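Hello,

Here is the structure we talked about. My notes on it follow below.

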Amino acid sequence: MWLLLGQGFFWRTDVRLPPRREPDAWPSVCVVVPARDEAAVLPAALPSLLRQDYPGRAEVFLVDDGSTDGTGDLARELARGDGGLPLTVSSPGEPPAGWTGKLWAVRHGIGLARARDPEYLLLTDADIAHAPDSLRELVAAARAGGFDVVSQMARLRVESTWERFVVPAFVYFFAQLYPFRRIGRKGTRTVAAAGGCVLLRTDAAERARIPDAIRHAVIDDVALARAVKRGGGRVWLGLADRVDSVRPYPRLGDLWRMVSRSAYAQLRHNPLLLAGTVAGLALVYLVPPTAVVGGLVAGNAAAAVVGGSAWLVMTGTYVPMLRYYRQPLWLAPLLPFTAFLYLLMTVDSAVRHYQGRGAAWKGRTYARPDAVPDEG
């Protein structure tokens, strides 16, 4: 009942771009796209950025972060064949110690963009396809609402069997941790962003020292939002209508790696938080169906009724997310099975951490937090 009524109505999917109006003068925007071995998804994503119908000045900077599959050359070829917004392709070289994941590439891209003196930066991943008016809508929402960050949770691909089981639940659990309704309100502590689509005011980035201040972060999008809010900025996050990830996760192992890469980092590498999370997942998602089955087998009607009621409420909270992803509703009662997978992924993330394997991204293993040098 607390999750249903007291956790910011996280299960509702109606938090979309806030009210917006076209500004009198459209500000300049630079789009920064970190890309490492993205040749497979770039043809479905990059042209959507180059074709943005934006009335102001806009430019795209793709940072080829040590790719070995011809990502940079493919990006140039797509730009020649597509036209549209100007594209600059550059490479930052290998990151120094203390920089995780794609943040070194983001830093390089922001450095190039600052030479153009843009008012806004759009940080978006190489697998994200944008509707033609995406940039226009993001800027209009930021200007109308006075937001320093406007971020949209891109609609992830849901085609394979395992994607159907795991992907909607990924967004469901993310919203449970960071209820979207609370993020945009003044005076709340809840803050997050979704790294696939982040419109960031340039002066807010400078005040928050983005990305240098978060160079150690594994979950860089949430760290970015926190840094901006600590600097006095306003942050908004919601679900996207026409911003889509084209990256496939056809096998369970692909999705497992996506979740386990950052699950224990989300728990601050704290064993007590891990134990609490495992117990919480078991209590909320595994006990109800167990009570139903056990109650029916043992003839305990009270256990079966209470467990069934909890299972029914749980199922109802999952239905809106399945509808958002256009998935069959028979998947909703199977949420306990998916939650059990997430429990195992979280434990596996902790095991990897203590085995010294740590989080990994595109062939790079992040340093453990206690091994990262603090450069001030």
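A cut-off to start with: buried means under 20% relative accessible area, exposed means over 50%, and partly exposed is in between. Phenylalanine 9 has a relative accessible area of 33%, so it counts as partly exposed. Please keep in mind that this is a predicted model.

Phenylalanine 9 sits in the loop between α1 and β1 (29-35). Its phi is positive, about 45°, although it is not a glycine. Most residues other than glycine have a negative phi. Phenylalanine 9 also belongs to a nonpolar surface patch with Met1 and Leu5. Together the three have about 330 Å² of accessible area. Methionine 1 comes in the segment before α1 (2-5). Methionine 1 is exposed, because its relative accessibility is 64%.

**Backbone points to check**

Arginine 268 also has a positive phi, about 60°, and is not a glycine. Its place is the loop between α10 (252-266) and α11. Arginine 268 has 66% relative accessibility, so it counts as exposed.

Then there is a cis peptide bond, from isoleucine 210 to proline 211. Omega is near 5° there. Most peptide bonds are trans. Proline 211 lies in the loop between α8 (202-207) and α9 (220-230).

**Salt bridges**

How many salt bridges does the structure hold? There are 24.

Aspartate 241 and arginine 16 meet through their side chains, at 2.3 Å from N to O. This pair links distant parts of the chain, 225 residues apart. Aspartate 241 is in strand β8 (residues 235-245), and arginine 16 is in the loop between α1 and β1. Aspartate 241 is partly exposed, at 39% relative accessibility. Arginine 16 is partly exposed too, at 26%.

Arginine 136 bridges to glutamate 22, with the closest N and O atoms 2.8 Å apart. Buried or exposed: what is arginine 136? It is buried, because its relative accessibility is 17%. Glutamate 22 is exposed, at 52%.

Glutamate 59 pairs with arginine 116, and their closest N and O atoms are 2.9 Å apart. Glutamate 59 is in strand β2 (residues 58-64), and arginine 116 is in the loop between α4 (103-114) and β4 (120-124), so the bridge ties together parts 57 residues apart in sequence. Glutamate 59 counts as buried, at 11% relative accessibility. Arginine 116 is partly exposed, at 33%.

Leucine 199 lies in strand β7 (residues 197-201). Why does leucine 199 count as buried? Its relative accessible area is 1%, and that is why. Beyond its neighbours within four places in sequence, leucine 199 contacts a list of residues that includes Val29, Tyr120, Leu121, Leu122, Leu135 and Leu138. Val139, Ala142, Asp148, Val149 and Val150 are also among its contacts. The C-alpha atoms of leucine 199 and tryptophan 236 are separated by 9.9 Å, and the two are 37 residues apart along the chain.

Aspartate 348 is in helix α13 (residues 335-354). Aspartate 348 is buried, because its relative accessible area is 18%. Leaving out residues up to four places away in sequence, aspartate 348 touches Trp256 and Ser260.

**A helix pair**

Last, look at helix α11 (residues 271-298) and helix α12 (residues 301-324). They pack at an angle of about 145°, with axes 7 Å apart. The crossing of α11 and α12 is left-handed. On the α11 side, the residues in contact are Val284, Tyr285, Pro288, Pro289, Ala291, Val292, Gly295 and Leu296. On the α12 side, they are Ala303, Ala304, Gly307, Gly308, Ala310, Trp311 and Met314.

Best wishes

Definitions and conventions. Residues numbered from 1 in each chain as written. Predicted model: local features only at pLDDT ≥ 70, side-chain atom pairs only at ≥ 80, totals over all residues. Heavy atoms only, no water. Patch = residues over 30% accessible without salt bridge, like charges linked within 9 Å, V, L, I, M, F, W, Y side chains within 5 Å. Areas by Shrake-Rupley, 256 points an atom, 1.4 Å probe, with all protein chains shown as cover. Salt bridge = Lys/Arg side-chain N within 4 Å of Asp/Glu carboxyl O. Helix = DSSP H or I, 4+ residues; strand = E, 2+ residues; numbered from the N terminus. Buried < 20%, exposed > 50% of the residue type's maximum accessible area, 1.4 Å probe, protein only. Axes fitted to C-alpha atoms, helices over the stretch in contact; angles between N-to-C directions. Left-handed = near helix turned anticlockwise from the far one by under 90°. Contact = heavy atoms within 4.5 Å.
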